[in-house]
Amino acid sequence: MNLNILWFILVAVIILGWSVMDGFDYGVGGLLNFIAKNNEEKRYVINAIGPVWDGNQVWLILGGGAVFAAFPLVYASIFSGFYLAMMLVVWLIIFRAVSFEFRSKVESAKWRNFWDTDITVTGLGIALLLGVAIANILMGVPLNKEHIDYQSLFSLLNIFGLVGGLISLSMFLMHGSTYLIMKTEGEVQQRARAFAKGFAVAFIIVTLLFLIISPIFAPRLLGNSFGIIGDLVPVIMFIGAIGVILTAGSSSDIKPFAYSIVAIIGAVASLAVGIFPNIVPSSINTKYSLNIYNSASNHLTLLVMLIATIIGLPLVLIYAIYAYKKFGLKVKMDDSSY
């Protein structure tokens, strides 16, 4: 295995880490105004992610840094072609962070409702837009021979992109619901169990729709580099979602979240298998596509960054394990709570 393939796998692992860790707090945020019926329940839900949501952003920074260092041409092309969409996501992330800090600063129902709505809208928006972007990459973008991509924000909102957005939206809402099953009790937990089942069903339906229309919008996905084994990878997504449906109504608080992680592993693995060895396929001419070889940094850079990652990634994992263990399994409200 050469360094280019190893870095492709590392970037996929970081995207998986981000999807699992950040996915549930985007999902919980998107559910806030629907699953909590009053201010006390909203505080309860927000405190389920309160101690960890900012730490989860480390995975987003790690992913951006990894792509910038290992595949700089991909970083440059994606950020130029998807500039408005990326900026919109960045602004949503900023407004979302501000909401957590500001909602408790003024004793006013209108003030709190405004920021609660902001948390809900930004959570839903981030989950939808990221899926739209990934679906457009799978379909292929108009990269020319200089690897420059000129697209408007509205051109990304095509049928295939929107179906991809619904996949990520339903997946993150399913993941957020299963996280709330694990972290809460009482009526909020019962609502979370119902939401988890519903979003798992929605995830299966839109994923099937995506697979049905893929030969029309992205025929290149039919010829993955791994043959029949690659064709079977999306099955992992369905196994995870069916597991959520079967366990969400049980007495287990942890199994639905574990199955949701399985569904996310299937989604990220399907993305990696479907696109390899390309990273950004060109819809103009396949020879203009950016792949793991023509977009990579030189050998020395890849080697030095690999050593840094081998040291840094375990530290991120140790920090995450410590933080989650420190705050326990169930939400506990005190004077320092949001």
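Me: Which residues is Phe226 in contact with, leaving aside its neighbours within four places in sequence?
Reply: Val273 and Phe276. Keep in mind that this is a predicted model.

Me: And where does Phe226 lie?
Reply: Phe226 is in the loop between α8 and α9, the latter being residues 227–232. Its C-alpha is 8.9 Å from that of Gly274, though the two are 48 residues apart in sequence.

Me: Is Phe226 buried, exposed or partly exposed?
Reply: Partly exposed, since its relative accessible area is 41%, and buried would need under 20%, exposed over 50%.

Me: You mentioned Phe276. What is the peptide bond from there to Pro277 like, cis or trans?
Reply: That bond is cis, with omega near 5 degrees. For context, most peptide bonds are trans. Pro277 itself lies in the loop between α11 (255–275) and β1 (278–280).

Me: Which UniProt annotation covers that stretch?
Reply: The unreviewed UniProt entry marks residues 258–280 as a "transmembrane region", along with other spans including 6–36, 119–139 and 300–324.

Me: How much helix and strand is there in 258–280?
Reply: The span is 78% helix and 13% strand, and its end C-alpha atoms lie 31 Å apart. Residues 119–139 are 100% helix and 0% strand, and there the end C-alpha atoms lie 31 Å apart.

Me: Let's zoom out. How many helices and strands does the protein have?
Reply: There are 12 helices and two strands. Reading from the N terminus, the order is α-α-α-α-α-α-α-α-α-α-α-β-β-α. The radius of gyration is 20 Å, close to the 20 Å that the globule rule gives for 338 residues, so the protein is as compact as a globular protein of that length.

Me: What does the C-alpha trace span along its principal axes?
Reply: About 60 × 40 × 35 Å. Buried residues account for 52% of the 338. Of the contacts between residues at least 6 apart in sequence, 81% join residues at least 24 apart.

Me: Switching to α1: what should it span, and what is the distance between its ends?
Reply: Helix α1 covers residues 3–35, and at 1.5 Å a residue its 33 residues should span 48 Å. The end C-alpha atoms are 46 Å apart, which agrees.

Me: Where is the kink in α1 centred?
Reply: On Asp22, with an angle of about 35 degrees. At its start, a side-chain oxygen of Asn2 comes to within 3.1 Å of the backbone nitrogen of Asn4.

Me: What caps the N-terminal end of α2?
Reply: Asn38 does, with a side-chain oxygen 3.1 Å from the backbone nitrogen of Glu40.

Me: Why is α2 said to be largely enclosed by the rest of the structure?
Reply: Because eight of the 11 residues in α2 (residues 39–49) are buried. Among them are Tyr44, Val45 and Ile46. The buried residues of α2 pack against α1, α3 (53–70), α5 (83–102), α6 (109–139), α7 (159–183) and α8 (186–217).

Me: Now the serines. Where is Ser282 found, and which backbone oxygen does its side chain reach at 2.8 Å?
Reply: Ser282 is in the loop between β1 and β2. At 2.8 Å, its side chain reaches the backbone oxygen of Leu143. A polar atom of the Ser282 side chain also lies 3.3 Å from the backbone oxygen of Asn285.

Me: Is Ser282 buried or exposed?
Reply: Buried, at 8% relative accessibility. Beyond its neighbours within four places in sequence, Ser282 contacts Val141, Leu143, Tyr288 and Ser289.

Me: And Ser295, where is that?
Reply: Ser295 sits in the loop between β2 (290–291) and α12 (299–326), and it counts as buried at 0% relative accessibility. A polar atom of its side chain is 2.5 Å from the backbone oxygen of Asn291.

Me: Which residues does Ser295 touch, not counting those up to four places away in sequence?
Reply: Ser295 touches Ala70, Phe71, Pro72, Leu73, Val74, Ile279 and Leu290.

Technical notes
Residues are numbered from 1 along each chain as its sequence is written. This is a predicted model: local features need pLDDT of at least 70, side-chain atom pairs count only at pLDDT 80 or more; totals for chains, interfaces and linings use all residues. Side-chain values use heavy atoms; hydrogens and water are left out. Helices (H or I, at least four residues) and strands (E, at least two) are DSSP runs, numbered from the N terminus. The expected span of a helix is 1.5 Å times one less than its number of residues. The bend at a residue is the angle between axes fitted to the seven residues ending there and the seven starting there. A polar contact is a pair of N or O atoms within 3.5 Å; within protein, one must be able to donate a hydrogen and the other to accept it, and residues adjacent in sequence count only if both atoms are side-chain atoms. Buried means under 20% relative accessible area, exposed over 50%, partly exposed in between (1.4 Å probe, protein chains only). Contact means heavy atoms within 4.5 Å. UniProt positions are given in the numbering used here, feature names are shortened, and annotations may be inferred rather than shown by experiment. The radius of gyration is taken over C-alpha atoms; the globule rule is 2.2 Å times the number of residues to the power 0.38.
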